[in-house]
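The sequence and the model are shown first, and the description follows.

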Amino acid sequence: MADELSAVVVDDHPAVRAGVAYWLSSGDPPVRVVAEGEDVRVAWLDEGADADVVILDLHLGGPTPVLGDLRRLVEAGRRVVVYSMRADDEIALQCLELGALCYLTKAEGADHLVPATHAAARGRPYTPPSLAGALAGDRSETRPALSAREAEVLVEWFQSESKDFVARRLGISVSTVNSHLERIRIKYALIGREAPTKAALVARAIQDGLIGVDDL
């Protein structure tokens, strides 16, 4: 079918790749794994190059996370779900900062990997319980802790009419702009200060001193 969702799975454990493929094929809607392998090159070749979502293990045959590969995928406009053994808030936030749409630990399994893949296929972030904790980790009670990049994206968006313009100004993809804005909304929601619209985010940013009225 023409609108079937597809994924490429990059993981150095064959059993993990097989399990992920089974979970995704059993989802609603099902996701077809069109390519899989232990090297990130499978995401750039043949059917893997056109997959809707890249499911990426951070540690491919070694202790060093493949953050450079993640960056290159995101910069090419790919929608990436990081799926890692490591429950590490610092690494999780670093992956989100680079533009991954979700960071999942393998302990979170199919209950979160399947909806995270569905969300990523539509260019939307997904926040599992462990990631919600990381996003909220160093905030105050009333003001969320935005990364420098999130604050930069927010201010640029306030000062322009187009996310395309923000993406060009900052040298990132539109999907990365969207994921930053979605995470900012999640951070506000976690402290009970929902900001579902652009106007609401403007109000929050002024209240928190991120921008002044003169900046708009």
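## Burial and surface

What percentage of the 216 residues of the protein count as buried? In this predicted model, the share of residues that count as buried is 49%. The accessible surface of the protein amounts to about 10,200 Å², and carbon and sulfur atoms supply 51% of that area.

## Secondary structure and overall form

The protein contains 9 helices and 5 strands. Read from the N terminus, these elements follow the order β-α-β-β-α-β-α-β-α-α-α-α-α-α. The protein is as compact as a globular protein of its length, because its radius of gyration of 18 Å is close to the 17 Å that the globule rule gives for 216 residues.

Along the principal axes, the C-alpha atoms of the protein occupy a box of roughly 55 × 35 × 30 Å. Among contacts with a separation of 6 or more, 63% are between residues 24 or more positions apart.

## Charged side chains

The protein carries 33 negative and 23 positive side chains. The centres of these two sets are 4 Å apart.

## The annotated domain

An unreviewed UniProt entry lists residues 6-121 as "domain: Response regulatory".

Conventions. Residues numbered from 1 in each chain as written. Predicted model: local features only at pLDDT ≥ 70, side-chain atom pairs only at ≥ 80, totals over all residues. Heavy atoms only, no water. Helix = DSSP H or I, 4+ residues; strand = E, 2+ residues; numbered from the N terminus. Rg over C-alpha atoms; globule rule 2.2 N^0.38 Å. Buried < 20%, exposed > 50% of the residue type's maximum accessible area, 1.4 Å probe, protein only. Contact = heavy atoms within 4.5 Å. Areas by Shrake-Rupley, 256 points an atom, 1.4 Å probe, with all protein chains shown as cover. Lys, Arg positive; Asp, Glu negative; His and termini not counted. Charge placed at Lys NZ, Arg CZ, Asp CG, Glu CD. UniProt positions renumbered as here; feature names shortened; annotations may be inferred.
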